[in-house]
Amino acid sequence: MIRSRGLAIAPVGVVALFLLIPVVAVLIAGIRPESLEILLESRTWRVVGFTTLQALLSTVVSVALALPATYALHRLRLRMRRLTLAVLTVPFVLPTVVVGLAFRALLPESLNGTLTAIILAHAFFNVGLVIRVVGGVWSRLDGRMQDAARTLGLSSFNVFRRVTLPYLRPAILASTALVAMFTFTSFGVIMVLGSPAQPTIEVEIYRRTTQILDISAAAGLALLQLVVVVVALIWSAALQRRTVMRMRQSSTPALPAISAVDRLCVYWTYLLALALALPVLALTLRSFRAGNQWSLQWYQQIAAPSGGTTRDIGAFSIVTTSLRYAVLATILAVVLGVLGAMAVQLATRRGVTLEATLLLPLGVSAVTIGFGLLLVSIRGPVDLRGWTFLVPLGQALVAAPLVMMLLLPILRSIDPRLRYVAATLGSPPLKAWWAVDGRLIGRATVGAAGLACAVSLGEFGATAFLARVDEPTIPLQIVRLLGRPGEANFGSATALAVVLLAITAVVLITTERGRTQW
Amino acid sequence: MRVLGLAALLTVSLGLAACGGSPTAAPSTSVREPVTVRLLTHDSFVLSTALLTDFTARTGITIEVVAVGDAGELVNRAVLSAGKPEGDVLFGVDNSLLSRAVSASVFAPYVSPEVSNVRPEIATSGNGIVTPIDDGDVCVNIDNVWFDKRGVTPPKTLDDLTMPKYAGLFVTQNPATSSPGLAFMLATIAKYGDGWRDYWSQLRANDALAVNGWTEAYTSEFSGAGNSGSRPLVVSYSSSPPAEIIYAADPAKATVTTSTMADGCYRQIEYAGVLAGASHPDAAKAVIDWLLSPEVQSDLALSMFVFPARAGVALPQEFAQYAPRPARPEELSAEEVGANQQQWLNEWTETFIS
């Protein structure tokens, strides 16, 4: 038998070492009687209220926009399917600052700084994630059940509600939990599109930690954020467990879109892809404009910068650095994510706690973690400062929970009797595991690895905190260039963003091909 | 604290004695075996690579640049690490953050002997603890094209910004999350004293906008410099107009389309200091001396878009032409800023946005 406890050691260990210890360090350093005062201020509760409100609305909107497209992309025959899926995922993996600015440029001015702008931007970034997580289960749902239900006279709507939806519920809940974590701790979108009048908890933690050095207030807010996130994660994990339905695995071929509803879903998918592509397209076009003319000038400039300063690093070396980190991060994230998913699925009693623990990296303030690592380095036995392995590790911390959440709904949907059958037939444990679980999640793991790699390539927060100046990743260099006036800086930033976009698209499209042809 | 103070005093006097012994002979000559000095700085640190390699070739000192976020993050990290620093030298603490760093004993006092060549108005501003390296001005930038097209005269003073004819034209940054935004708020405090909140109420009534960061303000909201925004007045640096020329698609043909408003500029002075507890204090001092050397000083304008602290350093022609230094920049003492910053930020938020 493969045991949950053994599998969980590595992922739990990494979370404990690089997340829980730093967070506890911040709490120890910062929590004072005054920290509790900040929790009593009405301003704090306005911030908490706004953070929760925007996260809830953003999550609902993201999931609602994504579901019809998930259906069309995973059940229906669709032209340019892989490209469409890549287009829908790209905003999620590109650095928020970059796409956020492009998004802002397209937004009507009256919406700047409003709640609507934040919700739209969050939906824009997270739709692809929902499609991936739910699609992983939906694509393998046995279509014959729906056929049978339809034959028995159920309307299409009732077939969806009473036959399909129950199977999808754990996956929808999983994606809801992910989007809720991302939006609850959102930083980039709030900074770029939000109004200074309405900060979120994460922005307040950032402000108090990095700008005014009010550690006790920052620690109070970090504690508050942690409590909300832990409660939400445990609730979501318990709900997912309760709604699990074993299903018969099949690879039902994609059907042509015949019914009106199907066709609507297809149109919706293309429309959504188009809407998501717009800011990215605008950015791409902008990268070919120099001095009001079409030009490759910015591409030439990033390939061989001429300034001779410490900031003029050639695109080749930046791309190499990015890829090196991303490959390491992907390997780490896949190993940790697969182990985590298996451990959670096998765990009998502590599954909920385990799942919540492994998802924590998405729900804990990046500022708090970075700050905690610093405190641990200053006051603890090991000085981690300047340790470059932290860069892929930081990226993997963000990517591993995604891998886990892509695999977990699939593992859960496997009928456990298959495992018993394999064991009864005399397969040794590993072989039995491979025959049942391994093969099925193998496909999904390829897709998850692609997403993990793309996320690592675009990751900004952890990377910015940990990377070396002379070895920036693509997002780091883009943000540095955006921090200065002058068309050459802006142009080079957009050109680099397009390079990142191209690499990301290649990663996503090839892994999707690998996944579907497994 | 008293013991620490005494130790600091000792260090100062020893440092001075050492300097007295060899007035201008650079300490670099005494550091011969190869060492690596970690230079902690902010994300905006840029220098010509050749200067760094040349320095290593001459002195055996390799400079490892460690950038840790913006100036605020840099200083906060140094404050938290005080006594067990992440590096040997810190460059980039400015006059609004200096008192926070000094009161946390971040620095082992050291003033480069080269400071005798620094422009007198900023030479002693490091209070004997750190060395001024450069300065710059946060000023309102004006989109000249916008005003020319409409035949409107651009504003000349901070007061003008509250006039109805400039309603809805001005964008600044949230002082709580942006360094130029903070500098601009300090400029209004320096200029109006207790009346600064009234000034911001008037700005608010005149439909001024605050966004979270410089990038959003300058590249999204500002109409000038080829950007798509709709507001022709933005808080930026006095070096932004020359940067627009130097970083134009074709610098040879570029014409200047933005300028700065001379009134209401806030002067930011950047300092370098030896971190208390540094592993290589002597090499760290050599690095600070080098930062004030004519070579590095004449590189600053085009690499970091700041003005050299050293007197008599020639500026690039674009700077001389398009980045006039304000005659009377606004300034507040480091102590005053340190003591009141948080209170001011709260008041700004109350007045301008809530």
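**Buried charges and salt bridges**

Tutor: Let's start with E86(B), which counts as buried at 7% relative accessibility.

Student: Why is E86(B) called buried?

Tutor: Buried means under 20% relative accessible area, exposed over 50% and partly exposed in between, using a 1.4 Å probe and protein chains only. E86(B) has 7%, so it counts as buried. R77(B) is buried too, because its relative accessible area is 12%.

Student: What makes R77(B) and E86(B) a salt bridge?

Tutor: The term asks for a side-chain nitrogen of Lys or Arg within 4 Å of a carboxyl oxygen of Asp or Glu. For R77(B) and E86(B), the closest N and O atoms are 2.8 Å apart, and the pair forms a salt bridge. Side chains of opposite charge can pair when their charged atoms come close.

Student: Before we go on, what sort of model is this, and how is it labelled?

Tutor: It's a predicted model: local features need pLDDT of at least 70, side-chain atom pairs count only at pLDDT 80 or more, totals for chains, interfaces and linings use all residues, and side-chain values use heavy atoms, with hydrogens and water left out. Residues are numbered from 1 along each chain as its sequence is written, while chains are lettered from A and ligands numbered from 1 in the order in which they are written.

Student: How do you know that R119(B) and D135(B) form a salt bridge?

Tutor: Their closest N and O atoms lie 2.7 Å apart. R119(B) sits in the loop between strand 4 (107-108) and helix 5 (120-123) of chain B, and D135(B) in strand 5 (residues 131-143), so the pair ties together parts that are 16 residues apart in sequence. Helices (H or I, at least four residues) and strands (E, at least two) are DSSP runs, numbered from the N terminus.

Student: Are those two residues buried or exposed?

Tutor: R119(B) is buried at 16% relative accessible area, and D135(B) is buried at 0%. Both also belong to a network of salt bridges, with E121(B), D137(B), R267(B) and R325(B).

Student: What makes R197(B) partly exposed?

Tutor: Its relative accessible area is 35%, so R197(B) is partly exposed. Its salt-bridge partner is E347(B), at 3.6 Å from N to O. E347(B) is in helix 14 (residues 334-353) and R197(B) in helix 8 (residues 196-205) of chain B, so this pair ties together parts 150 residues apart in sequence. E347(B) is buried, with a relative accessible area of 12%.
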